[in-house]
Amino acid sequence: MTDPLLDPLFTTAEASQAFSPAARLQGMLDFEAALARAEAATGVIPDSAVSAIAAACDAALYDTDALGAEAALAGNTAIPLVKHLTARVKETDPEAARFVHWGATSQDAMDSGLMLQLRGFIDGLDADVKTLSAALADLADRHRSTPMVARTWLQHALPTTFGLKAAVWLDALGRDRERLAAARGRLALQFGGAAGTLAALGGAGPAVAGALARELGLPLPALPWHTSRDRITELASALGILAGTLGTIGRDVSLMMQMEVAEAFEPSGPGRGGSSTMPHKRNPVSCAVLLSAAIRAPALVGGLLAAQVQEHERGLGGWHAEWQALPDLARIVAGAARHASGLIAGLTVDAGRMRANLDLTRGLILAEAVTMALGERMGRLAAHSRVAEASRRAAADHRPLRDVLEEDSEIVAALGADGLDRLFDPLNYTGSAGHFIDRVLAAHATDQ
């Protein structure tokens, strides 16, 4: 972990490990070992060189602080790493040392190593998002008939169900997983040599590239992509959108946690969400992490999009801008996904309070329902005018809308007392909520 005080809050141990200095070095060293095996398999270097090179490709053998100091002068981490790798191989097999990094360039090692890091990271992140999705599917199903206030512009609008709210979150996460999977599928080998032509390997370049891709388990692209950074920005964009989805969940839950609303609460436990001075506080800790990631992610994504514009066959500055921004983005999104998973799995839902909040406007929340029913008898505009006037009187006098409507003989004649009762039951005005929930749950089941 780079920050033992804050990383446990904002990221996961797995994400920290995926982008640790050791993992960065090991990714490059895995490339170097695979390169030696691929070149031996294609007759470019002697078979006898492989074992010594592969044995030296262990990140634990190298001093990351020393490599970092040398990278500050060299301009990237691969240059000093290759120098130290060569020296270590030379200690055991001077002849094999001649073939370390044969025909490759620094960016080949760094980008291909990064592809290996990202592949493992995405798999771990997807596992957390999948767990979160399963928890949301359960929430949507259990609360498909739990009525609550739908809010537009933060104001009471119409009745909805909590199940539908959960289904909306779940539906977005399904698309997030598709975007991550697409981005993962385009993580490909980077191998082009100094200028993207593999000239140092003569006619053997394509054969070595194919063998290297197989060794690393990475797709073989049509050509080297040193300055074509769309693979990076596609993943960054998918991560940024996921951060926004998670932030939406965090925003909604934190608003529902307000004491004036009190409809849903984060899991509680010793040491969680307390205040240093106020013993009664139950702060939305996970929501804060989700919102923090959603706030920070756009700037990181924007920086990576700006870095996509690179010069000629090897970039200056843009490539370098990716090295910290992408891991930072990945770490905070992983942390948000992990928090969201725990938040939803342990969410406390107060269905009674949700139902009580529907009554705060004394029936005004169902004014549209009355208007639509009445409109069938007297036309929509006339019905709208009649119900709007009744709503104004109900609000001014602090009376239930149903009581005011009952004083209008024409409305009672049109709808009847039983009709008014049905209209003022919130569950009778949730429209196609159940249908939408079923569609999202069916799609979720298909994706598993």
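Residues are numbered from 1 along each chain as its sequence is written. Because the model is predicted, local features need pLDDT of at least 70 and side-chain atom pairs count only at pLDDT 80 or more, while totals for chains, interfaces and linings use all residues; side-chain values use heavy atoms, with hydrogens and water left out.

**The two domains**

Select 6-353 for domain 1 and 361-447 for domain 2; these bounds come from an automatic or database domain assignment. The C-alpha centres of the two domains lie 48 Å apart.

**The interface**

Next, show where the domains touch. In domain 1, 21 residues are in contact with 17 residues of domain 2, contact meaning heavy atoms within 4.5 Å. About 1,500 Å² is buried between the two domains, 76% of it on carbon and sulfur atoms. Buried area is the accessible area (1.4 Å probe) that two parts lose on being put together, summed over both. Select Arg 144, Leu 158 and Pro 159: these supply 35% of the area that domain 1 buries against domain 2, more than any other three residues.

A salt bridge here is a side-chain nitrogen of Lys or Arg within 4 Å of a carboxyl oxygen of Asp or Glu. Between domain 1 and domain 2 the count is one salt bridge.

Now colour the elements that give two or more residues to the side of domain 1 that touches domain 2: α8 (106-142), β1 (147-152), β2 (155-161) and α9 (162-185). Helices (H or I, at least four residues) and strands (E, at least two) are DSSP runs, numbered from the N terminus.

Zoom in on β1 and β2, which pair in the antiparallel sense over six bridges; strands pair if DSSP finds at least two bridges between them. Ala 150 stands opposite Leu 158 in β2, and Arg 151 stands opposite His 156 in β2. The hairpin has two residues between the strands, and Trp 153 takes a positive phi near 55°.

From Arg 151, select Glu 263. These residues form a salt bridge, the closest N and O atoms being 3.0 Å apart. This pair links distant parts of the chain, 112 residues apart: Glu 263 is in the loop between α11 (230-257) and β3 (264-265), and Arg 151 is in strand β1.

**Helix α5**

Finish at helix α5 (residues 64-74). At its start, a side-chain oxygen of Asp 63 reaches to within 3.0 Å of the backbone nitrogen of Asp 65. Just after α5, Gly 75 takes a positive phi of about 105°.

Technical notes:
A polar contact is a pair of N or O atoms within 3.5 Å; within protein, one must be able to donate a hydrogen and the other to accept it, and residues adjacent in sequence count only if both atoms are side-chain atoms.
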